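The following note sets out several points for a colleague to consider when examining the structure. Please read each point with the coordinates at hand.

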Amino acid sequence: MHAFDKDYWEQHWTPDHGSKPGSGLPANPYLAAETHHLTPGTALDAGCGAGAEAIWLAQHGWQVTGAEISGTALTTAAGRAREAPAADRLIWVETDLTTWAPDQQWDLVVTSYAHPAIPQLEFYRRIADWVTPGGTLLIIGHLHEPDAATGHHPREATVTLRNITELFTSPAWKIETARE
């Protein structure tokens, strides 16, 4: 079982661990597909890793906060951002998203494959509180595997689409896209 704590993520993002996972990859294609119709405003990339999605959002007009538990990942993200246009629209915050109490909300909160040290659904519920009223929450996660214990992703890192959509049944939320 993975702990998904700071030590886990520091090791994951350390060059000695192999290559820096995701350090040279483009932004997740679901990000563009699901945000192209939104008017750029403020955005939080919760669990930003090496910064691909945060940088993409900044390049598309968003004022972006990239939040990540791993200082090593943020160093990579900041280095990549310096080479990209729109670096002035990016702020990097090293924080544990399971305990962080931001003093603001964002028009867009996105998380892509983030795995916290708390149950996955509790994490999604937590970051949903950081979305401004009328804003957008975009969750990109691993597909739930019938036998996650033997699959590529640990059981604690996967949830079903139904589990996620059940979190957002109140009138305050409107689910625009839900798919696997």
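**Notes on the predicted model**

1. Burial within H4. The residues of H4 that are buried are Gly-71, Ala-73, Leu-74, Thr-76, Ala-77, Ala-78, Gly-79 and Ala-81.

2. Geometry of H4. The helix covers residues 71-82, 12 residues in number. From its first C-alpha to its last, H4 reaches 16 Å, close to the 16 Å expected at 1.5 Å a residue. At the start of H4, the backbone nitrogen of Thr-72 has a side-chain oxygen of Ser-70 within 3.3 Å.

3. Overall organisation. The chain contains six helices and five strands, which follow one another along the sequence as α-α-β-α-β-α-β-β-α-β-α. Of the 180 residues in the chain, 46% are buried. When contacts between residues at least 6 apart in sequence are considered, 68% of them join residues at least 24 apart.

4. The largest pocket. The volume of the largest pocket is about 1100 Å³. Its lining comprises 41 residues, and those closest to the centre are Leu-137, Leu-138, Ile-139, Thr-177 and Ala-178. Two or more lining residues come from each of helix H2 (29-35), strand S4 (106-112), strand S5 (131-140) and helix H6 (161-166). S5 supplies the largest share of this lining, with 10 residues.

5. By residue class, the lining of the largest pocket divides into 22 nonpolar, 13 polar and six charged residues.

6. Glu-34. The side chain of Glu-34 makes a polar contact of 3.0 Å with the side chain of Thr-177. Leaving aside residues up to four places away in sequence, Glu-34 touches Leu-138, Thr-177 and Arg-179. Two of these partners, Leu-138 and Thr-177, are also listed among the residues closest to the centre of the largest pocket.

Definitions and conventions: Residues are numbered from 1 along each chain as its sequence is written. This is a predicted model: local features need pLDDT of at least 70, side-chain atom pairs count only at pLDDT 80 or more; totals for chains, interfaces and linings use all residues. Side-chain values use heavy atoms; hydrogens and water are left out. Helices (H or I, at least four residues) and strands (E, at least two) are DSSP runs, numbered from the N terminus. The expected span of a helix is 1.5 Å times one less than its number of residues. Buried means under 20% relative accessible area, exposed over 50%, partly exposed in between (1.4 Å probe, protein chains only). A polar contact is a pair of N or O atoms within 3.5 Å; within protein, one must be able to donate a hydrogen and the other to accept it, and residues adjacent in sequence count only if both atoms are side-chain atoms. On a 1 Å grid over the protein atoms alone, a cavity is a set of points where a 1.4 Å probe fits but cannot get out, and a pocket is an open set with protein on both sides within 12 Å along at least five of seven lines; lining residues have an atom within 4 Å of a point. Grid points are joined across faces, edges and corners, and a volume is the space filled by probe spheres set on the points. Ala, Val, Leu, Ile, Met, Phe, Trp, Tyr, Cys and Pro count as nonpolar, Asp, Glu, Lys and Arg as charged, and the others, Gly among them, as polar. Contact means heavy atoms within 4.5 Å.
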